[in-house]
Structure formats: C-alpha cells, structure tokens
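Here are some short notes to read alongside the model. Please keep the sequence and the 3D view open while going through them.

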Amino acid sequence: MEAIQGDKLRGHLEAMILSTLERGEAHGLEILHRLEEAGCGLLQLKEGSLYPALYRLEAAGAIKAVWESQPHGRRGARRRIYRLTPKGQRQVEAGRVEWQQFVRVVGGILGAPA
Amino acid sequence: MNESTLTQLKIIVERAVRPVRASTSRKRKMREELLAHVVGVFEEEAKVGDEQAALASTQERFGQAAELTVHLQASVPPSDGFERSAENFFGGSGESVLRLAARFAAAGGAIVSVPLGIMILICVLRGQGSEWLTIARVPSLLAPLWSAFIAFSGTLLIHGMWPALFGPAGRSWLRAGLVAVAAWLLVPVSSFALCLVLMADIQKSLWEVVPLLPYGVVAPVALVVVTYLVKSEFRDDREWARLDIT
C-alpha cells in the first residue's frame, strides 16, 4: 500500500496528534512514534512539521506542555511533555464525528461506502 | 555523540528557526525542543548505522528547513509581536552598548517625566503652580535627568559585569570588583553631585549622601544576581547566533 504523506495529511494532523495524546502525555518524538505505530508505518510525516502543529494546538488551549525537569542524555536540550486538556478532548471527539461524516459523504460519491 | 555532531544537529535546527520572525524567548523554546528532538532521532539512527549516515537520516526525517520555517512562522501568534517589540526596545537587535544605554536613558527620563508633568499640571490647575518655581522643588524637577543618568550608567554596568563574570576571556575578579564598586557608588556619587549643584556646599552635600552608602551595597548585589539569572540564556543565544547555517 502507498504511503500517506505531505498534503494528504494536511487538515488531519492536529486531530491525529490529539488522538495520540488520549493514550497519555508524551513528548514530540513519542507522539511521532505513536502516530507511526497507529498508521502501521504508512504515515510519512516530516518530523519537524509536528512541532508547529503542537504550538498551534497549545495556543488554542487544546493541549498543555511542561518542560521535563532534566535533559536525560540529550546534551542539555529538554523536551516538552504534552497532555490533552478538556478542550482538546472535546476537539478529538468533534474531529471523529467530522471524519465519519467526511468518509460517508466522499465514500458515497466514490462508490466506496465505509 | 561528540561536539562536532552536536553542532551539526544544532545547524539542522537553526536553519529552520533563525529566519522565523518571533520573540527571542519563543525562538529559544523552539530551538531547545527541536534540538532535543533531533538528538533523540540521531540516537535512534546511530543504533543502526554510522554517525554520518545517522546525521543524513536525521536531516531527512526532520524535513526541509525552508518549509519548516514557514510552518513555524505560521504558529507564532500575533500577541508575540508585543514581546518582539519590547525585546527590540531592550536591545535585541545587536546595537552598540552606548546606543542601548542612551535609549534606556531616554526611556528612564520619559517615565519619570510623565508623573512629574501630571503633578505639575494638577498643581497649576489648582492655582498652586508657583510652588514649582521655588528652590525646594528643583530636586523634583531634576528627577527625570537623574533617572536618565542612572538608567544610562546602570546599562553600562550590566554590560560591564557580564563579560567580567562570564566573558570568553574567562572570569576577571578585578574587573568584576571594579564594576561592583562603581555600581555601589553610582547613586551616592550622583546624589552628591546633585546636592552640590543645589547647595553649593561640599560638606553639607557629603552629609546628605553618607547615609546612602550602606544602602548602595544593594546595587552591586542586584547587578550580580541579574547577571547570573541571564547568563545561561545569553550564552546559549550567542552560541546559536555563531552557528554558520549557510
């Protein structure tokens, strides 16, 4: 199966990030690992682009971040640990409903109902 | 991981972050978090290949710097503009220390002038404006000038203390001591000059400022504390700024 990357992910990345955080708080790299794992290796995301999405979600109040207390073995740089807020939780649920509607409508048009 | 590899990883990050128009604090946050990310990725990649291959894979996984810059820029909220403006005012644009000190002096003078002007206006409106023409009010009228002088000197002292304690040439206790003494004497000496102008009497002026000397100790202590608080950020900023990202 062909990998999903770039433009195809646009518009869905934020909802997917929020969804991964339902499993518990995580730093950026861990979020990526969760996305890869859930996407069965078919999601090909340029990793740097995760962070602007995280910053947007943080500014929107959907997630909160705290710096980890110690830079474990990473030469002085600390990671930020993200967790879902109640607003983010509501956003995930709304995102699922929107996605189901999208799949139903587009699937119907393409003759491939979900 | 050796220093050279760490520098290469920093360059990957800096290529994306440096062009972003955002406040220094926001860019610091981006740099630190993205560096932690690329170091983590590099460590993963280095387990399955040599260092050069791991670096190339890290770069590949991270993505194109120009594209990431655009995304990072889009994530900067409009409210960051206020912080950026404030940073530019406080010398974020790499201007000379004298110019910065002059700007702080102007700001210090202006800040004191506003309430003073309001007080004078209120007195004038109440018909008590003539009070401000007496010799007793001269120190108050000179307050903006005095504040400007303190702001100017304080800026120079802070920029003198930082290299004395954390400069590239190493710590110089002699220089730090001289700056501390200058900070200690700044308020008493400037007050003495003011008193001398007003009273034209050296002895009386001295007696006016002698009680200030013990309190003056607070100035060098505050100077050292501020310098310590900002030292790691200044040092990190300089390190990132020195990276050649071309």
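At what angle do helix H1 (residues 3-17) of chain B and helix H4 (residues 65-74) of chain B pack, and how many Å apart are their axes?

1. The angle is about 55°, and the axes are 7 Å apart. H1(B) and H4(B) are therefore oblique to each other (angles under 35 degrees count as roughly parallel, over 145 as roughly antiparallel, 65 to 115 as roughly perpendicular and the rest as oblique).

2. On the H1(B) side, the contact (heavy atoms within 4.5 Å) is made by B:Arg15, B:Ala16 and B:Val17, and on the H4(B) side by B:Ala65, B:Leu68, B:Thr69 and B:Leu72. Five of the contact residues are nonpolar, one is polar and one is charged.

3. The model is predicted: local features need pLDDT of at least 70 and side-chain atom pairs count only at pLDDT 80 or more, while totals for chains, interfaces and linings use all residues. Side-chain values use heavy atoms, with hydrogens and water left out, residues are numbered from 1 along each chain as its sequence is written, and chains are lettered from A and ligands numbered from 1 in the order in which they are written.

4. Chain B has a mean pLDDT (the predictor's confidence in each residue, from 0 to 100) of 86, and 97% of its residues reach 70 or more. For the complex, the predictor gives an ipTM of 0.85 and a pTM of 0.71.

5. B:Leu116 lies in helix H6 (residues 97-125) of chain B. With 11% relative accessibility, B:Leu116 is buried (under 20% relative accessible area, exposed being over 50% and partly exposed in between, with a 1.4 Å probe and protein chains only). Beyond its neighbours within four places in sequence, B:Leu116 is in contact with B:Trp132, B:Ser140, B:Leu141 and B:Pro144.

Note on methods
Axes are lines fitted to C-alpha atoms, for helices over the stretch in contact, and angles run from 0 to 180 degrees between N-to-C directions. Helices (H or I, at least four residues) and strands (E, at least two) are DSSP runs, numbered from the N terminus. Ala, Val, Leu, Ile, Met, Phe, Trp, Tyr, Cys and Pro count as nonpolar, Asp, Glu, Lys and Arg as charged, and the others, Gly among them, as polar.
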